[in-house]
Amino acid sequence: MKIDKEDDQQQQMRRVAFFAVAVSTAAVISSIVTLPMIYSYVQSFQSHLIMETEFCKTRARDMWVEMQVLHKSGVTRSRRNAGYKEESFIMTVSTMYFVIFVAFGN
């Protein structure tokens, strides 16, 4: 009887050990597969973020240059009209053409 109990206990321990080895093997394999994928994703995200930051810096610098050109050209900034009158539209378009002419020299 004692031998049968030990055999049952050994069988149970073998099953537990096999299950533990299977789970740990699956965890190691999944970490081997997913860790490089996560690293690649983070690296591509970082490079995309750097590109977007450089784009924003360039746009901000260009806007600053436009503001300096406007300031040096002597164009006075005035308050916009509340309504959409035809003469305010013509003045806005002519001012826009002047700014483009001064900025790009065409």
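**Pairs and surface in a predicted model**

Biologist: With 46% relative accessibility, does lysine 57 count as buried, exposed or partly exposed?
Modeller: This is a predicted model, and the relative accessibility of lysine 57 comes to 46%. Since buried requires a value under 20% and exposed a value over 50%, with partly exposed in between, lysine 57 counts as partly exposed.

Biologist: Which residue forms a salt bridge with lysine 57?
Modeller: Side chains of opposite charge can pair when their charged atoms come close. The structure holds one salt bridge, and in the one that involves lysine 57 the closest N and O atoms are 3.8 Å apart, which falls inside the cut-off of 4 Å. The partner, which is partly exposed at 42% relative accessibility, is glutamate 54.

Biologist: Why are glutamate 54 and lysine 57 separated by about one helical turn?
Modeller: Both residues belong to helix α1, and the protein has two helices and zero strands. The separation is about one helical turn because, along helix α1, glutamate 54 and lysine 57 are apart by three residues.

Biologist: How are the rings of tyrosine 41 and phenylalanine 45 arranged: stacked, tilted or edge-to-face?
Modeller: A pair of aromatic rings is described by the distance of the centres and the angle of the planes. The count comes to one aromatic pair, and for tyrosine 41 and phenylalanine 45 the distance is 6.3 Å centre to centre, with 25° between the planes. Because planes under 30 degrees apart meet the cut-off, the arrangement of this pair is stacked.

Biologist: Which residue of this pair counts as exposed at 56% relative accessibility?
Modeller: The two residues are four apart in helix α1, which spans residues 2–73, and they are separated by about one helical turn. Phenylalanine 45 has a relative accessible area of 47% and is therefore partly exposed, whereas the residue at 56%, which counts as exposed, is tyrosine 41.

Biologist: What is the area of the nonpolar surface patch that includes Met37?
Modeller: Methionine 37 is found in helix α1, and with a relative accessible area of 55% this residue is exposed. Together with Val28, Ile29, Ile32 and Val33, Met37 makes a nonpolar surface patch of about 490 Å².

Biologist: How far apart are the end C-alpha atoms of residues 16–39?
Modeller: The unreviewed UniProt entry annotates residues 16–39 and 88–105 as "transmembrane region". Over residues 16–39 the chain is 100% helix and 0% strand, and the distance between the end C-alpha atoms is 34 Å.

Biologist: What percentage of the protein's residues count as buried?
Modeller: The protein exposes about 10500 Å², of which carbon and sulfur atoms supply 65%. Among its 106 residues, the share that counts as buried is 1%.

How values were computed
Residues are numbered from 1 along each chain as its sequence is written. This is a predicted model: local features need pLDDT of at least 70, side-chain atom pairs count only at pLDDT 80 or more; totals for chains, interfaces and linings use all residues. Side-chain values use heavy atoms; hydrogens and water are left out. Rings of Phe, Tyr and Trp (its six-membered ring) pair if their centres lie within 6.5 Å; planes under 30 degrees apart count as stacked, over 60 as edge-to-face and the rest as tilted. Buried means under 20% relative accessible area, exposed over 50%, partly exposed in between (1.4 Å probe, protein chains only). Accessible areas come from the Shrake-Rupley method with a 1.4 Å probe; for residues, only the protein chains shown count as cover. Patches are made of residues with over 30% relative accessible area and no salt bridge: like charges are joined within 9 Å, nonpolar side chains (Val, Leu, Ile, Met, Phe, Trp, Tyr) within 5 Å. A salt bridge is a side-chain nitrogen of Lys or Arg within 4 Å of a carboxyl oxygen of Asp or Glu. UniProt positions are given in the numbering used here, feature names are shortened, and annotations may be inferred rather than shown by experiment.
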